Amino acid sequence: MESSSGSVLWFTGLSGSGKTTTAQQVYARLKEIGRPVELLDGDAVRAAIGRGLGFSRSDRLENIQRIAYIANLLSGHGITVLVSAITPYKEMRDYLRSHVNGYVEVYVSCSLEQCEARDVKGLYAKARRQEIPQFTGISDAYEIPEQPDLTIDTEKRSLEANTEQILEWLRRNRWKAEAWTVQSAIAAGREQSGEGKAIEEVRNIR
Ligand SMILES: Nc1ncnc2c1ncn2[C@@H]1O[C@H](COP(=O)(O)OS(=O)(=O)O)[C@@H](OP(=O)(O)O)[C@H]1O
Ligand SMILES: Nc1ncnc2c1ncn2[C@@H]1O[C@H](COP(=O)(O)OP(=O)(O)O)[C@@H](O)[C@H]1O
């Protein structure tokens, strides 16, 4: 990760697994503590810049690449980006890992049975009636991430616990490194300006 880039937390999981709900909660917590943050939700992005894109493999790939492009622009300004999109294929996530600065894969784990029981938007019922083709988990694949950076379980753990797990991961893996980089930069600046040498000279006098 480039030192000036923000993290891109990419929430991947089945429809109804809790990607949006969790991303919204993380968004609220980051806002509270004054971190610059943006949320790119799959549905909203499709409505804004994905018109004409369906759910074939190639359209989904195109959709993910467009979101990745925006995520990179934002993270380049030090913004933490939260993306909530099914991102069902390994191929997509391999692409993201190699093209998105600060990529953090967050697998939102929830069984198909539970997602279907939730059926937040009534889409599973429609998919079962074959009214929606290529529906993820029913008539199209969801390839479970093999090595996500983080897994959150929305079936067994609460929204609050999962949000805290994500914030703790950021604290440990990203913000500590950030603080270290800033400290090193300050130290290097001091060295360059001669401040370091001056301090050394004062020490020698004493
Ligand atoms: N065929 C099919 N398969 C899966 N999902 C479908 C489909 N048709 C419509 N929807 C609705 O579109 C949302 C998924 O869009 P994404 O952009 O996240 O999908 S993808 O990453 O490009 O695969 C998804 O939103 P979420 O429920 O928030 O995941 C669905 O509401
Ligand atoms: N622990 C949990 N974490 C997140 N969502 C949960 C949890 N338990 C129940 N839910 C519910 O599951 C649904 C998830 O919907 P949503 O966030 O829109 O999913 P997705 O964005 O993955 O399609 C919401 O109705 C939410 O209230």
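Let me begin with the residue classes: Ala, Val, Leu, Ile, Met, Phe, Trp, Tyr, Cys and Pro count as nonpolar, Asp, Glu, Lys and Arg as charged, and the others, Gly among them, as polar. With those classes, the lining of the largest pocket has twelve nonpolar, twelve polar and eight charged residues. A pocket here is an open set of points, on a 1 Å grid over the protein atoms alone, where a 1.4 Å probe fits and with protein on both sides within 12 Å along at least five of seven lines, and lining residues have an atom within 4 Å of a point.

This is a predicted model, in which local features need pLDDT of at least 70 and side-chain atom pairs count only at pLDDT 80 or more, whereas totals for chains, interfaces and linings use all residues. Residues are numbered from 1 along each chain as its sequence is written, chains are lettered from A and ligands numbered from 1 in the order in which they are written, and side-chain values use heavy atoms, with hydrogens and water left out.

Of its 32 lining residues, Ser 15, Lys 19, Asp 43, Ile 86 and Lys 121 are the closest to its centre.

Now to ligand 2, where Gly 16, Lys 19, Thr 20, Thr 21 and Arg 157 come nearest among the 15 residues around the ligand, each having a heavy atom within 4 Å of it. In polar contacts, meaning pairs of N or O atoms within 3.5 Å, a backbone N or O atom of Gly 16 lies 2.7 Å from a ligand oxygen, and a polar side-chain atom of Lys 19 lies 2.8 Å from an oxygen atom of ligand 2. The protein covers 73% of the 570 Å² of accessible area that ligand 2 has on its own, by the Shrake-Rupley method with a 1.4 Å probe. The shell holds three nonpolar, nine polar and three charged residues.

Which residues line the second largest pocket? They are Lys 90, Arg 93, Asp 94, Arg 97, Glu 105, Ile 144, Pro 145, Glu 146 and Gln 147, and by class they divide into two nonpolar, one polar and six charged. The volume of this second largest pocket is about 170 Å³.

Technical notes. A polar contact is a pair of N or O atoms within 3.5 Å; within protein, one must be able to donate a hydrogen and the other to accept it, and residues adjacent in sequence count only if both atoms are side-chain atoms. Grid points are joined across faces, edges and corners, and a volume is the space filled by probe spheres set on the points.
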